[in-house]
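Biologist: I would like to learn how to read helix packing, sheet order and ring pairs in a model. Where do we begin?

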Amino acid sequence: MFALPVRVGLVLTAVAATVVVSAVTAVAAPADPAVGSTYACSGDVAGAAEDPVVLVHGTWTNSAEDFGAVLEPWLTQTGRPFCTVELPRRATVDVQISTRFVVDAVLRTASTRGGPVDLVGHSQGGTLAAWAVKSDPEVAAVVDDVVGLAPVGAPQDTDAVCAALGGCAAPIWQFSEGSDFMAALTPTPFPAGTSATTISTAFDELVRPAPAAGAMAGASNLVIQDVCPLKYVSHVLLPSDATAIAMLADALDNDGPAVESRVGTQSCLQLTPPGTDPLGPLRTAPTAIAGLVDAQIQTQVLPAEPAFTGP
């Protein structure tokens, strides 16, 4: 029942990106940042009692827009220092480039901590977090929990749309059916010793089919509606949702990945976790919308998937 609206949404988003980018071809693209230059932390990473958390944002957004309304305040409230990394051009570049930023952030945080860290990503960020752990032994050695919030776990049916439009942003190609990146990501196992969790919603409007496409082999794959059957949570709002964060807390607080039976139903009637602002996502919406427009301007439309060079 959601297939047509989702396909229309994907087409409109891709068309908007193409039109906006075409309209600003005379504007010089901003120089991409150097690896490590967009890394920042909040809290006492070195002296933390809890594992510090590295946050990785999704496509067409940044850390403040993705996590600043609820998840970052919740981490601070619960005594967890966190570090963020801003991916180039709002995560619209080759995912192999963005992964280098994730790897750098994880290793910097682990070095400062002198011990393990947790790695949490939303949407594309969740996929990059999984790939960083799977593809880089140094990252795998220092990551305790890796958690994907509505990650892209299965190839997406977007290649025909991209071909019809004459191109798409690199990650859209790389997450599409038949892509070399997804062919490498999906069969590569999580390394031994890493606890992997995915948290998805049956109402995901972007990662389809939902919730199956958010699951990853070898992970504990949780679905919000398995705990709260009637709860509506979208892809965009999942990092702010009380039940999603309860599942995240279960992963971070316990040995191993999150376990559905440990997640209570008290969050089913909550928009955001207690102590956080339930209107936070609404308050940040104007900034997020402006950021989305800026992201389209920064997006480079490519005619095909970038060459995949492997781990």
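Modeller: With helix axes: an axis is a line fitted to C-alpha atoms over the stretch in contact, and angles run from 0 to 180 degrees between N-to-C directions. This is a predicted model. In it, helix H4 (residues 95–113) packs against helix H5 (residues 124–135) at an angle of about 70°, and the axes are 9 Å apart.

Biologist: What does the angle make H4 relative to H5?

Modeller: Angles of 65 to 115 degrees count as roughly perpendicular. H4 is therefore roughly perpendicular to H5.

Biologist: Which residues of H4 and H5 meet?

Modeller: From H4 come Val95, Ser98, Thr99, Val102 and Val103; from H5 come Gln124, Leu128, Trp131 and Ala132. Sorted by type, the residues of this contact are six nonpolar, three polar and no charged.

Biologist: Now the sheet. What is the order of its strands?

Modeller: The sheet is open and has seven strands in the order S1-S3-S2-S4-S5-S6-S7, with mixed pairing. Strand S1 (39–42) and strand S7 (220–223) are at the edges; each has a single partner strand, so one side of each has no neighbour in the sheet. From one strand to the next, the twist averages 20°.

Biologist: How do S4 and S5 pair, in the parallel or the antiparallel sense?

Modeller: Strand S4 (residues 117–122) pairs with strand S5 (residues 143–149) in the parallel sense, over five bridges. Within that pairing, Gly121 stands opposite Gly148 in S5.

Biologist: Where does H5 lie relative to the strands?

Modeller: H5 lies across strand S2 (53–56), S4 and S5, and runs at about 140° to S4.

Biologist: On to the rings. How many aromatic pairs are there?

Modeller: Rings count as a pair if their centres lie within 6.5 Å, and planes over 60 degrees apart make the pair edge-to-face. The count comes to five aromatic pairs. For Trp131 and Phe181, the ring centres are 5.5 Å apart and the planes stand at 75°, so this pair is edge-to-face. Trp131 belongs to helix H5 and Phe181 to helix H9 (residues 180–185), 50 residues apart. Both Trp131 and Phe181 are buried.

Biologist: Why is the pair of Phe203 and Tyr232 tilted?

Modeller: Its ring centres are 5.1 Å apart and its planes are at 55°, so the pair counts as tilted. Phe203 is partly exposed, with a relative accessible area of 26%, whereas Tyr232 is exposed, at 55%.

Biologist: Which residues do ring pairs link into a cluster?

Modeller: Trp131, Phe175, Phe181 and Phe308.

Terms used
Residues are numbered from 1 along each chain as its sequence is written. This is a predicted model: local features need pLDDT of at least 70, side-chain atom pairs count only at pLDDT 80 or more; totals for chains, interfaces and linings use all residues. Side-chain values use heavy atoms; hydrogens and water are left out. Helices (H or I, at least four residues) and strands (E, at least two) are DSSP runs, numbered from the N terminus. Angles under 35 degrees count as roughly parallel, over 145 as roughly antiparallel, 65 to 115 as roughly perpendicular and the rest as oblique. Contact means heavy atoms within 4.5 Å. Ala, Val, Leu, Ile, Met, Phe, Trp, Tyr, Cys and Pro count as nonpolar, Asp, Glu, Lys and Arg as charged, and the others, Gly among them, as polar. Two strands pair if DSSP finds at least two bridges between them. Rings of Phe, Tyr and Trp (its six-membered ring) pair if their centres lie within 6.5 Å; planes under 30 degrees apart count as stacked, over 60 as edge-to-face and the rest as tilted. Buried means under 20% relative accessible area, exposed over 50%, partly exposed in between (1.4 Å probe, protein chains only).
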